[in-house]
Every structure is written in C-alpha cells, then in structure tokens.
Amino acid sequence: MTSLSRELVFLILQFLDEEKFKESVHKLEKESGFFFNMKYFEEKVQAGEWEEVEKYLAGFTKVDDNRYSMKIFFEIRKQKYLEALDRQDKPKAVEILVGDLKVFSTFNEELYKEITQLLILNNFRENEQLSKYGDTKTARSIMLIVH
C-alpha cells in the first residue's frame, strides 16, 4: 500500500470513527490490515464473541503465518473450548476440539491429546495445569495479558 493510500485509509477510519460508524470502522481496519484496534479486539474477547475475534484477527494474520500467530489462534480456541467444558456443553466442546483445535495437532500431538483428555473429566480443573482456572471473565482477562 502506498504512503498516500495509507494516509487516505487512516483519514477514512478517522472520519468513520468520528461519525460513529463503528462496524464500518472495524471492517475497514480488518480489510485494509492497516490498523489493529486493540481496544476493539479486547472488548470482543471479554464478551466471548469468538467468531468476531477470529474474523477480525484474520484480517491481520493467519494461523500458519508464524509461531506467534499460531499461539494466538490456539489460545483463543483453547479458551472457547474450556468455556464449553465449563458450561458442561460436551457436544460444543467436541465440535471445537475437532473443528478448531485439530489443526494444531500436527504441530503438537501430545498437547492435542492432553486437551482431548479434558472431555472425560467432570470438571477440567481436576487437571493439575488447569486447577487455578477461575471464572470465565477472569480467564479471558488473563488470556489477554499473558498472550
């Protein structure tokens, strides 16, 4: 993108924001890949709007772009999985495991096996590594800070 194009996109973003066209702002941010709005991203994570979180993030990076991208996508999907388990929604957890987390098994088969084992526990906090997992809101906040 040329310097002039970047400036123009920035001005349009500024205008849309000032005129309160919030959805348009985030769509242009995502499509241009020019400005990552961390505040918006954090709001969506805190609200548990995982589909929007991934769609927005995908405007800037893909799962297999680099190891950092992979880690971010993994942590988002793992959180989504743990929340389904916490709600005792095993069918949704299985759907997330097979549909969203399976892609990571080629990179770390052992880790994938470990998270699959969480399905058989009544409470995934019985797993030593997850024993300090608090409530959903706290876990989402920690995920944003640590990763």
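Predicted model: local features only at pLDDT ≥ 70, side-chain atom pairs only at ≥ 80, totals over all residues.
Side chains of opposite charge can pair when their charged atoms come close. With a cut-off of 4 Å between a side-chain nitrogen of Lys or Arg and a carboxyl oxygen of Asp or Glu, the count comes to 11 salt bridges.

Among them is the pair formed by Glu54 and Arg77, in which the closest N and O atoms are 2.8 Å apart. Glu54 belongs to helix α4 (residues 50-58) and Arg77 to helix α5 (residues 67-86), so this contact ties together parts of the chain that are 23 residues apart in sequence. Glu54 and Arg77 are both buried.

Helix α5 also contributes Glu83, whose salt bridge with Arg140 has its closest N and O atoms 2.7 Å apart. Because Arg140 is located in helix α8 (residues 136-146) and Glu83 in helix α5, the pair ties together parts that are 57 residues apart in sequence. Both residues of this pair, Glu83 and Arg140, are buried.

A further salt bridge, between Lys92 and Glu95, has its closest N and O atoms 3.1 Å apart. Lys92 and Glu95 both lie in helix α6 (residues 90-101), where a spacing of 3 residues separates them by about one helical turn. The relative accessibility of Lys92 is 32%, so this residue counts as partly exposed; the class covers values between the 20% limit for buried and the 50% limit for exposed residues.

Salt bridges also occur in a network, which links Lys71, Glu75 and Lys78.

Notes: Residues numbered from 1 in each chain as written. Heavy atoms only, no water. Helix = DSSP H or I, 4+ residues; strand = E, 2+ residues; numbered from the N terminus. Buried < 20%, exposed > 50% of the residue type's maximum accessible area, 1.4 Å probe, protein only.
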